[in-house]
Amino acid sequence: MSEPNVADLFRPPVDRAMRTLDRGFFKKTFPISAAAVKQKKDISAFRQVLSQSNDALNLPRLSLLQEAPNVPDTKCILLRPEIKHDYPSTWSPTLTELANQSRVELIPYDLILDYDYWSYDQIMSAIVPEENQEMYFPKRFTEVGHVVHLNLGPEHEPYKKIFSQVLIDKSSRNIKTVINKLSNVGDENAFRTFKYEVLAGPDDLMVEHHEEKCLFRFDFGKVYWNSRLQEEHRRIVQKFVPGEVVVDVMAGVGPFAIPAGKKRVFVLANDLNPESYAYMEGNITANRVDKFVQPYNEDGHAFIRNAAANLFNQSVQAGIHDSIPKSAKPPQRQSGSPKPKKFSIMNRPQVPSHFVMNLPASAIDFLPSFIGLYTRSPVREALGGTDPRTLFAPHTADKLPMIHVHCFCPKFPTAAESEEEILQRISEKLEFKIDRNMMKELDGEVHDVRDIAPGKEMFCVSFRLPAEVAFRQDEDVDQVDDALE
């Protein structure tokens with residue numbers, strides 16, 4: 001018998017009317033058989049033999065080696081339910097041979113399974129309606145520190161208290177609180193926070209979350225955080241080169257900025273939410289990246305212009321210590337003494353290499369701030385009379401910065417249609433036509449980040465800021481500034 005069928009035989013008791021969790025209800029006795037091993041020295045070998053012969057019971061999270069009932073100081077090996085201790089016709093040749101040699105004795109065994117044994121899925125399957133169970137209890141959820149975050153619909157209402165408590169009980173991690181989101185992120189305020197209800201555990205959303213070997217501390221109820229974006233955080237940060245400058249326009253508590261700082265990338269990190277700014281400051285200190293990450297609390301439109309100017313107005317240096325390569329270590333170093341290190345200085349460049357705009361609901365609306373970025377205030381004042389074009393290739397080794405803008409898009413039948421729709425929106429905001437051919441010239445890509453909901457996807461569009469946009473000089477530039485104020 002295959003393993004899934006065996007597992008089906010050991011399901012928990014069912015109560016479709018349960019609305020308050022009763023852990024004691026989930027206790028059930030299964031009469032099976034076992035092979036009591038006569039000699040202790042044979043236990044390990046017989047366990048392996050009976051597993052290989054497919055006689056041993058194979059259930060997840062259950063040890064097949066147990067104390068033999070009514071036989072002191074004797075171990076027994078649990079057997080598949082088809083094997084009956086008092087019906088030799090159900091025994092395999094291997095089991096028959098061991099029994100005939102009096103090396104094992106087949107005995108009855110009452111296998112008792114309870115709430116602690118069964119998984120979250122198994123417990124909930126015994127409570128919600130048997131038809132269309134996928135609809136009635138969530139199998140996908142987000143963990144942030146000690147908090148589980150759910151997005152529930154009306155169909156979950158009768159069971160939400162039960163499965164939130166089962167989630168806490170069955171979590172392999174230190175989960176203490178389960179919450180349900182009551183509003184869409186960004187629908188009610190610009191800080192991307194949401195209303196929530198506590199389904200189980202204390203109303204304590206002050207979390208510590210680890211990602212990319214970084215520690216993030218924040219109040220999940222006051223800032224924006226999405227653990228499902230961990231791979232996207234990693235993907236973007238991998239594009240950064242040590243010594244570059246990254247301008248993180250909507251930085252949150254630092255999921256891009258902190259790992260970037262760890263790899264010695266200079267980051268100007270901004271968020272409009274004062275709470276996010278405060279926690280980002282703390283995370284910068286906790287992760288010891290204050291030499292590389294500088295926090296700001298500004299409007300995103302103004303920050304794009306100010307950040308480009310600040311790179312000229314503020315000279316920043318980072319002193320770093322690196323271990324000296326083994327070949328250069330002095331051989332006379334005594335055991336236990338500190339490893340020798342070399343000290344060096346990294347100077348922050350005056351031009352950014354990347355702008356990150358992770359506000360998918362509205363980041364595209366911030367693109368007009370790049371129109372004439374290097375020809376208007378405040379960058380113009382910072383440059384004095386310097387021609388901004390001479391700061392970039394071919395006059396220097398620096399290219400114009402890459403823009404990484406996240407956005408939502410309706411789900412179209414093909415990826416090409418999604419890409420066309422997004423590029424059209426970007427073109428309108430930049431007042432510059434960007435199509436597939438232009439994307440190639442701009443080192444661009446349209447990356448499908450993840451599905452958000454049925455009919456809705458999240459994308460990240462990366463492209464190099466076009467020179468025609470960055471250096472635009474016409475009377476409309478001032479009108480763009482006024483419109484963004």
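Gly-300, leaving aside neighbours within four places in sequence, is in contact (heavy atoms within 4.5 Å) with Val-249, Asn-270 and Phe-366. At 8% relative accessibility, Gly-300 is buried, a term meaning under 20% relative accessible area, with exposed over 50% and partly exposed in between, for a 1.4 Å probe and protein chains only.

A word on the source. This is a predicted model, in which local features need pLDDT of at least 70 and side-chain atom pairs count only at pLDDT 80 or more, while totals for chains, interfaces and linings use all residues. Residues are numbered from 1 along each chain as its sequence is written, and side-chain values use heavy atoms, with hydrogens and water left out.

The UniProt annotation "binding site", from an unreviewed entry, covers Gly-300 and Asp-271 among others; such positions are given in the numbering used here, feature names are shortened, and annotations may be inferred rather than shown by experiment. Asp-271 is also buried, at 7% relative accessibility. Not counting residues up to four places away in sequence, Asp-271 touches residues including Arg-192, Val-249 and Tyr-296.

I turn to salt bridges, each a side-chain nitrogen of Lys or Arg within 4 Å of a carboxyl oxygen of Asp or Glu. The whole structure holds 21 salt bridges. In one of them, the closest N and O atoms of Arg-23 and Asp-169 are 3.0 Å apart. Arg-23 is partly exposed at 38%, and Asp-169 likewise counts as partly exposed, at 31%. Glu-232 and Arg-235 also form a salt bridge, at 2.8 Å from N to O. Here Glu-232 is buried at 5%, and Arg-235 is buried at 13%.
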